[in-house]
Amino acid sequence: MAAPSALPNCENCAEEIPYAAKNCVLCGEDVGYPNVRAAESADEVSALRERLRAALISTEARGCRAELEQFGTAASGSAVVVSRNLAVLAALVESSNTLISTYHKLVGAEARLPEQNEFDPYRAIVEGMVHPHGVHENITFGAITLDGRGVVKYGAFSINLKQDMISNRTTVFEENPFSFCDRHACRPNKPFPPGYRASWQRRAELAMAKLHPKIQPGISPAEFPSILLEVDPDKIETDFIEAHVYGPVHPKAIARVVLAAQPKATADRLIWKRVRQKLVDMGVEIEEP
């Protein structure tokens, strides 16, 4: 991502705020989350509004602008979901001192190893184009959802987060950064295209701008969840709007857990029984098939 043409200034001392700063480098004042400041920059907001304008014109011509606006209303009530496997969820609820941490923090702390797959060797490069200067290391990735279900390939347990615990530090992004950078031929030494990220409060605008081609006249609101987060087991890639939460997530921020399928192995069923009871004790809503 290219740095903004003009850096914002600290409201306390007027010093310029570097892209990655969480606190003013001069006076120490809290200057907000870097991902949120980036999403609310003038260039990003202007480009997103232009995309939204084009979406409204397109749906007006196709006779489904009202349906797009209805979809936008639904998207404004979407939640962040983080998909994890049973082992991760079990560790999370066993202790109030365990956090959902970021991939890069876990690797840096030698708490996990990168996998030998097509993604992990390049994550720092690709994610660093979306959130440069090390900001990507502080991002917990999720998706936005209307029905509580997440991206199953990342884990069968969809952990829905409480909005009031994450909204001030969360932004949304068009899609998985790997898919986005492939589609837009992004390079580290080239300006990153604006208009594909938004603050939490503008997530409906991004959803409408991106997904308007899937909105048709007479579409039922019952179809909105699968448009916002595609559920198609026959596709290798799942289409979704990615949520970027700055920092780790505490287990007390869990609002709801949705299972894609019941555990099959006997040992896993026993683990899930214990985890389920702990979640109930925490006041977490559970949805099982």
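How many positive and negative side chains does the protein chain have, and how far apart do the centres of the two sets lie? There are 32 positive and 37 negative side chains, with 3 Å between the two centres. Lys and Arg are counted as positive and Asp and Glu as negative, leaving out His and the chain ends; each charge is placed at NZ of Lys, CZ of Arg, CG of Asp or CD of Glu.

The model is predicted: local features need pLDDT of at least 70 and side-chain atom pairs pLDDT 80 or more, while totals for chains, interfaces and linings use all residues. Residues are numbered from 1 along each chain as its sequence is written, and side-chain values use heavy atoms, without hydrogens and water.

**Figure 1. Overall fold of the protein chain.** The chain contains 11 helices and 8 strands, taken as DSSP runs (helices H or I, at least four residues; strands E, at least two) numbered from the N terminus. Its radius of gyration is 20 Å, close to the 19 Å that the globule rule gives for 289 residues, so the chain is as compact as a globular protein of that length. The radius is taken over C-alpha atoms, and the rule is 2.2 Å times the number of residues to the power 0.38. The C-alpha trace spans about 55 × 55 × 35 Å along its principal axes. The accessible surface is about 14,400 Å², 52% of it belonging to carbon and sulfur atoms (Shrake-Rupley method, 1.4 Å probe; for residues, only the protein chains shown count as cover).

Figure 2. Of the 289 residues, 46% count as buried (buried is under 20% relative accessible area, exposed over 50%, partly exposed in between; 1.4 Å probe, protein chains only). A nonpolar core is a set of buried Ala, Val, Leu, Ile, Met, Phe, Trp, Tyr and Cys residues joined through side-chain atoms within 4.5 Å. The largest one has 48 residues, and Phe71, Leu89, Trp272 and Leu279 touch the most other members. Helix α9 (residues 203-211) gives the most to this core, namely 6 residues. Beyond neighbours within four places in sequence, Leu279 is in contact (heavy atoms within 4.5 Å) with Leu89, Val93, Val257, Trp272, Val284 and Ile286.

**Figure 3. The second core.** A separate core of 10 residues includes Met129, Phe178, Phe180 and Cys181.

**Figure 4. Lys278 in helix α11.** Lys278 belongs to helix α11 (residues 266-281). Its relative accessibility is 27%, so Lys278 counts as partly exposed. Not counting residues up to four places away in sequence, Lys278 touches Val93 and Glu94. Glu94 is 184 residues away along the chain, with 7.9 Å between its C-alpha atom and that of Lys278.

**Figure 5. Two residues with positive phi.** Ala14, which is not a glycine, has a positive phi of about 75 degrees. Ala14 lies in the segment before α1 (34-39) and is exposed, with a relative accessible area of 51%. His133 has a phi near 60 degrees, also positive in a residue other than glycine. The loop between α6 (123-130) and β2 (139-145) holds His133, which is exposed at a relative accessible area of 60%.

**Figure 6. Surroundings of Asp239.** Asp239 sits in the loop between α10 (224-228) and β6 (242-246). Apart from neighbours within four places in sequence, Asp239 is in contact with Lys210, Leu211, Lys214, Leu228, Leu229 and Glu230.
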